[in-house]
Amino acid sequence: MRILQSLEEFLYEAMSWIVFYPRAILRTVRHPVAVAVYTREQLKQPRELQFTELVSPPLLLILTVVVAHFIELTSPGGMTAVHSALGREVFSSEQGVIATRSLAYCLFALLGAFTWLRHERKPIDRDTLREPFYIHCYLLAPFALGLSTSVTVATSVAAPWSALALPLGLVSCLWYAVAQTAIYARLLRVSRTRAFFLACRANLAATLAMIGVAIVVFGTP
């Protein structure tokens, strides 16, 4: 009976993602600042009452990585080749691929949260870190979907459709930069210029960290 009850809860949760996942993506794309404010308000509620209208931020990011991975698997080129022993071990299962890529994108959320808290001069602990980390997870979901899709198009789709990869990647990066700057300006109460430089500092550190992880995991041909 416990197994059946667990299966019942999982099926309901999985079916609810069909409704709440696209709603969360679309709302984040259209109104990123409003979603950031919504996240702040939800974290003040009891845990069981949080994010009842949308998928929770970390789950949204994980589901986005799953969707992006499915798009990659269904493309003609398949997955990117891995040349290191560590990479082959990590990517030996679908769970490993999804977990590794989710953690890689979470570097942006983590370093963005660190930058946020350092600006506010707050101590970094489990309570203070949650709000900026969750806000960045919402923000990263559309960015990860657009960027991953652009890489898949570039490596798997024949010309002339492969030419769409660069514009899609640039639009994803531009949207993320604009949305992050707007959120920093609103919630940190700084000028747009100051918000832009804070975002650049966080993203530069995260990009360098992700490049280092990619070199270790994928290796060199």
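How many disulfides does a search of the whole structure find? In this predicted model, the search finds 0. Two cysteines, C106 and C137, show how the count comes out. C106 is in no disulfide, and the nearest cysteine sulfur to its own belongs to C137, 4.9 Å away. C137 counts as buried, because its relative accessibility is 0% and the limit for buried is under 20%.

Next comes the interior. In soluble globular proteins, nonpolar side chains tend to be buried together. Here the largest nonpolar core has 50 residues, and L60, W116, I183 and Y184 are those with the most contacts inside it. At least two residues of this core come from each of α1 (2-30), α2 (32-42), α3 (57-74), α5 (94-120), α6 (126-156), α7 (165-187) and α8 (192-218). The helix that gives the most is α6, with 11 residues.

W116 can be followed in more detail. Leaving aside residues up to four places away in sequence, W116 touches I183 and Y184, along with R40, E131, P132, I135, H136, L187 and L188.

L11 counts as partly exposed because its relative accessible area is 45%, a value in between the limits of under 20% for buried and over 50% for exposed.

Methods
Residues are numbered from 1 along each chain as its sequence is written. This is a predicted model: local features need pLDDT of at least 70, side-chain atom pairs count only at pLDDT 80 or more; totals for chains, interfaces and linings use all residues. Side-chain values use heavy atoms; hydrogens and water are left out. A nonpolar core is a set of buried Ala, Val, Leu, Ile, Met, Phe, Trp, Tyr and Cys residues joined through side-chain atoms within 4.5 Å. Buried means under 20% relative accessible area, exposed over 50%, partly exposed in between (1.4 Å probe, protein chains only). Helices (H or I, at least four residues) and strands (E, at least two) are DSSP runs, numbered from the N terminus. Contact means heavy atoms within 4.5 Å. A disulfide is a pair of cysteine sulfur atoms within 2.5 Å.
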